[in-house]
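Trainee: I am new to this structure. Could you walk me through how to read it?

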Protein chains: 2
Amino acid sequence: MTKKALSTKKISTKEEALKLLNHYDHFLFDCDGVIWLGPDIIPGAAELIEHLTKMNKSYAFVTNNSSVSRENYMKKFEKLGIPNVAKNLIFPSCYAAALILKRDLKIPEGSKVWVLGDEGIETELKEAGYVPVGGNDPALDDAWSPDHPLLQVDEDVKAVVVGSTKKFNYMRVSTTLQYLLHKNRSLPFVGTNIDRTYPGPNGTTLPAGGSVVFYMKFTADRDFIDVGKPSSRLLDSILKNCSFDRNKTLMVGDTLYTDVKFGNDGKLGGEAGSSLLVLSGGTSQEEVDQLDGEDPSTVPSYYIESVGHLVDLLRG
Amino acid sequence: MTKKALSTKKISTKEEALKLLNHYDHFLFDCDGVIWLGPDIIPGAAELIEHLTKMNKSYAFVTNNSSVSRENYMKKFEKLGIPNVAKNLIFPSCYAAALILKRDLKIPEGSKVWVLGDEGIETELKEAGYVPVGGNDPALDDAWSPDHPLLQVDEDVKAVVVGSTKKFNYMRVSTTLQYLLHKNRSLPFVGTNIDRTYPGPNGTTLPAGGSVVFYMKFTADRDFIDVGKPSSRLLDSILKNCSFDRNKTLMVGDTLYTDVKFGNDGKLGGEAGSSLLVLSGGTSQEEVDQLDGEDPSTVPSYYIESVGHLVDLLRG
């Protein structure tokens with residue numbers, strides 16, 4: 001038998017599964033590695049959501065992927081057989097960025113916001129009434145030149161949002177740097193997430209959004225406002241927006257330092273525990289076996305192979 | 001009068017300049033910001049080198065720019081009016097990388113070395129008997145695809161060298177990541193320097209080599225072997241190669257956390273002091289005025305406007 005962390009309980013019987021579902025009223029799901037894996041649904045995920053709906057439980061989705069807007073996530077849920085997911089139940093970190101610029105940072109509508117990142121950020125900023133610049137501007141694919149006009153700061157830019165992008169090049173990072181250093185580093189610097197990597201196809205591990213955020217943090221020598229998981233600021237926004245009771249909410253995710261920490265730092269679930277780890281994404285059984293002695297904020301309350309296994313137990 | 005750090009002495013009279021030059025036998029010069037600024041020589045730099053030669057002082061050049069090979073630095077010195085600088089007196093960090101792979105890390109000649117960086121690294125690796133791969137391979141400018149063959153690890157690669165490059169794109173960072181994670185992160189990871197930025201034209205500040213090194217460090221979640229300034233490993237190599245007496249050597253540079261720290265950490269100069277800061281590059285008078293209370297390893301022993309001012313004082 002493998003050594004198990006004392007505080008992490010494996011859900012492996014019907015009774016345990018029922019007890020878990022009975023205790024919580026609200027479920028926060030990470031998406032990639034939990035509901036789907038790249039383009040494919042995780043077997044049983046649609047059934048679990050259906051089951052929760054029937055039981056009058058409520059749920060929302062929170063993902064550190066900043067590349068995709070809520071509109072496009074709705075289409076993805078639909079396509080994967082999870083219909084009728086309302087837009088206001090989906091919290092990708094691109095939307096979190098727009099939300100926090102407006103509510104917490106009070107950046108006035110109509111302001112320009114410099115973007116290093118994908119279309120999701122641009123779409124959500126526009127929807128919030130901002131004018132995104134940078135981002136997918138084709139001029140940022142020009143050959144790099146120190147005389148390029150985009151290196152001259154536009155004084156109408158009032159904040160900078162940085163997230164994942166595969167279009168990452170020297171033009172994009174050097175233009176973004178001018179804004180991060182401008183006015184003695186005082187423009188707000190929002191980072192969509194802190195994830196280092198994600199599991200790619202063919203056994204690869206690929207750089208994630210946090211790698212771009214930390215590149216800019218190091219180069220500009222200044223800190224950023226993290227609007228993705230595990231930010232408590234984001235959790236508080238979601239609980240408020242969805243009217244979830246903190247003590248009755250469980251976080252379900254596949255990553256220890258974002259998802260599990262998000263639930264634990266946010267003190268979800270009261271004494272019953274904050275987080276359920278699934279092993280269908282970035283965390284292995286081996287890592288669970290070695291959790292003993294880890295930072296308690298990254299130790300899940302429960303774990304199970306996948307959300308599909310939870311459905312199997314409930315049915316079994 | 002401005003407040004001055006107690007331990008940093010401004011060189012401002014002929015007597016002080018003479019005393020400085022008399023005490024030291026060997027001089028280590030940073031290049032960009034000290035000897036030249038981009039394409040232009042710093043006024044007086046050629047005269048100082050000539051003066052040192054006449055006085056039978058010895059000197060070497062050590063730069064954290066990994067993009068240019070020693071051969072090309074020799075051509076640059078010649079072109080800027082500093083003739084006959086021997087190749088074995090020039091230590092760019094691309095050469096330092098090759099030197100340390102061979103001497104310290106004992107990577108066998110003939111091994112492949114994965115490169116994220118410019119031609120300088122490839123040239124110096126080849127000269128040391130290695131086979132650079134990655135680097136400027138035009139396939140790394142292909143559109144990114146997770147199925148690209150370069151994402152499959154070549155088992156003949158025995159080390160990874162990362163330095164500055166403006167060709168920085170997702171293909172390059174994701175291929176490099178596969179090598180940094182390979183075999184439980186055990187392939188040696190050499191970073192050419194830790195510099196965040198350098199002063200660009202038109203008032204810009206641009207990302208430097210350390211930004212690429214720290215991107216890979218964060219994403220691969222592992223540390224690197226720093227072969228640039230302020231690495232003591234590099235200083236020891238130079239002192240040995242050039243037969244310089246540590247107690248009689250002065251470091252001359254324009255950057256506090258690389259050049260000055262290099263001299264101070266290496267205990268150059270004995271009690272007379274380790275480093276002379278020049279203000280012709282990345283450090284301003286304002287920063288010198290605020291040195292009080294800083295980490296003592298980044299506080300220079302002396303400072304002066306530029307190497308040209310030193311020549312003026314000696315003549316005056």
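**Rings, copies and a sheet**

Mentor: Gladly! Let us begin with one side chain: Trp144(A) is partly exposed, with a relative accessible area of 22% (buried means under 20%, exposed over 50%, partly exposed in between, with a 1.4 Å probe and protein chains only). Keep in mind that this is a predicted model, where local features need pLDDT of at least 70, side-chain atom pairs count only at pLDDT 80 or more, and totals for chains, interfaces and linings use all residues. Residues are numbered from 1 along each chain as its sequence is written, chains are lettered from A and ligands numbered from 1 in the order in which they are written, and side-chain values use heavy atoms, with hydrogens and water left out.

Trainee: How many aromatic pairs are there over all chains?

Mentor: Rings of Phe, Tyr and Trp (its six-membered ring) pair if their centres lie within 6.5 Å; planes under 30 degrees apart are stacked, over 60 edge-to-face, and the rest tilted. The count over all chains is 32 aromatic pairs. Among them, Trp114(A) and Tyr179(A) are stacked, at 4.8 Å centre to centre with 20 degrees between the planes. Both Trp114(A) and Tyr179(A) are buried. Trp144(A) and Tyr170(A) are edge-to-face instead, at 5.0 Å centre to centre and 75 degrees between the planes.

Trainee: Is Tyr170(A) buried or exposed?

Mentor: Tyr170(A) is buried, because its relative accessible area is 4%.

Trainee: Which charge lies over the face of Trp144(B)?

Mentor: A charge sits over a ring if NZ of Lys or CZ of Arg is within 6 Å of the ring centre and within 35 degrees of the ring normal. Over the face of Trp144(B) lies Lys166(A), at 5.1 Å from the ring centre. Likewise, Arg196(B) lies over the face of Phe218(A), at 4.4 Å from the ring centre.

Trainee: What rotation superposes chain B on chain A?

Mentor: Two copies of a chain are related by a rotation about an axis and a shift along it. Here the rotation is 180 degrees with 0.0 Å of shift along its axis, and the RMSD is 0.1 Å (superposed by least squares on the C-alpha atoms of residues with pLDDT of at least 70 in both). The two copies are therefore related as by a two-fold rotation axis.

Trainee: In what order do the seven strands of the open sheet come?

Mentor: Strands of a sheet pair through backbone hydrogen bonds, either parallel or antiparallel. In chain A the order is β1-β16-β15-β14-β2-β5-β6, with parallel pairing (strands are DSSP runs of E, at least two residues, numbered from the N terminus; two pair if DSSP finds at least two bridges between them).

Terms used:
Helix = DSSP H or I, 4+ residues; strand = E, 2+ residues; numbered from the N terminus.
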